[in-house]
Amino acid sequence: MQVRLIACIRKANQEHTNIMASISALFCTCMMMMMVMLVTTNVPVEAAKEFKVGGDMGWVLPDANNSATYNQWASRNRFHIGDSLSFEYQNDSVLVVDKWDYYHCNTTEPITSFSNGKSVIQLDRSGPFYFISGDTDNCKHGQRLLVEVMSMHMHHIPPSPPSIAFPPGSDTGTAPASSAISTAPAPSPSSGIQISATLGSVSMALIAISFIFLWFEP
């Protein structure tokens, strides 16, 4: 009888140990999941923006003494996927072109062209975007824009502004392939959106798990 009682006690202790091990594993798993949630949901995310090209000046032929106006404007801004550019102009047009056509002001084979006076172009990928005026002479005198788009739309330390490269030789070079540019209705400008975890809910979950852990502790 005594031997059987001892065996039952040992079995009960073993089951209790297994339960405690399972609860400990569950507790650690929940803690790790909550830490991941806090880290991933506390990343500042900034809303998409619409940039008016050239600011108040708009899309016009720049002054003769400042032919780099538009690339200087671009260097003062940071562009991300989802942002858009608004071109406002009169008696002119804007062409989306590839790199070779940009440097040579070639208006004969644009990727996309607009001439409606106000064109909103969405930046739907990372990398360079090239824009020129539909007037070849205007392009040669500085009415062209190179925009470098970043892949992530989050708060971070911005990289150095893209440098303005000199045109390659006019007799060499092959136009690289370029993806199509999509247009979309302009998103409304808005301030950055801060997404954060609810600390109260996390605290309550931790208290509940701790209570369960203590309840089964011998």
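**Close-up 1. Strand S3 and strand S6 pair in the antiparallel sense.** The model shown here is predicted. Strand S3 covers residues 84-88. Five bridges link S3 with S6. Leucine 85 faces isoleucine 121, a residue of S6.

**Close-up 2. Strands S1 and S3 run parallel.** Three bridges join the two strands. Phenylalanine 51 has leucine 85 of S3 as its bridge partner. Leucine 85 also stands opposite isoleucine 121 in S6. In general, strands of a sheet pair through backbone hydrogen bonds, in either a parallel or an antiparallel arrangement.

**Close-up 3. Three strands make up an open sheet.** Their order is S1-S3-S6, and the pairing is mixed. Strand S1 (50-52) and strand S6 (118-122) form the edges. Each edge strand has a single partner strand, so one side of each lacks a neighbour in the sheet. From one strand to the next, the twist averages 20°.

**Close-up 4. Strand S3 is largely enclosed by the rest of the structure.** Of the five residues of S3, four are buried. Buried here means under 20% relative accessible area.

Key. Residues numbered from 1 in each chain as written. Predicted model: local features only at pLDDT ≥ 70, side-chain atom pairs only at ≥ 80, totals over all residues. Heavy atoms only, no water. Pairing = 2+ DSSP bridges. Axes fitted to C-alpha atoms, helices over the stretch in contact; angles between N-to-C directions. Buried < 20%, exposed > 50% of the residue type's maximum accessible area, 1.4 Å probe, protein only.
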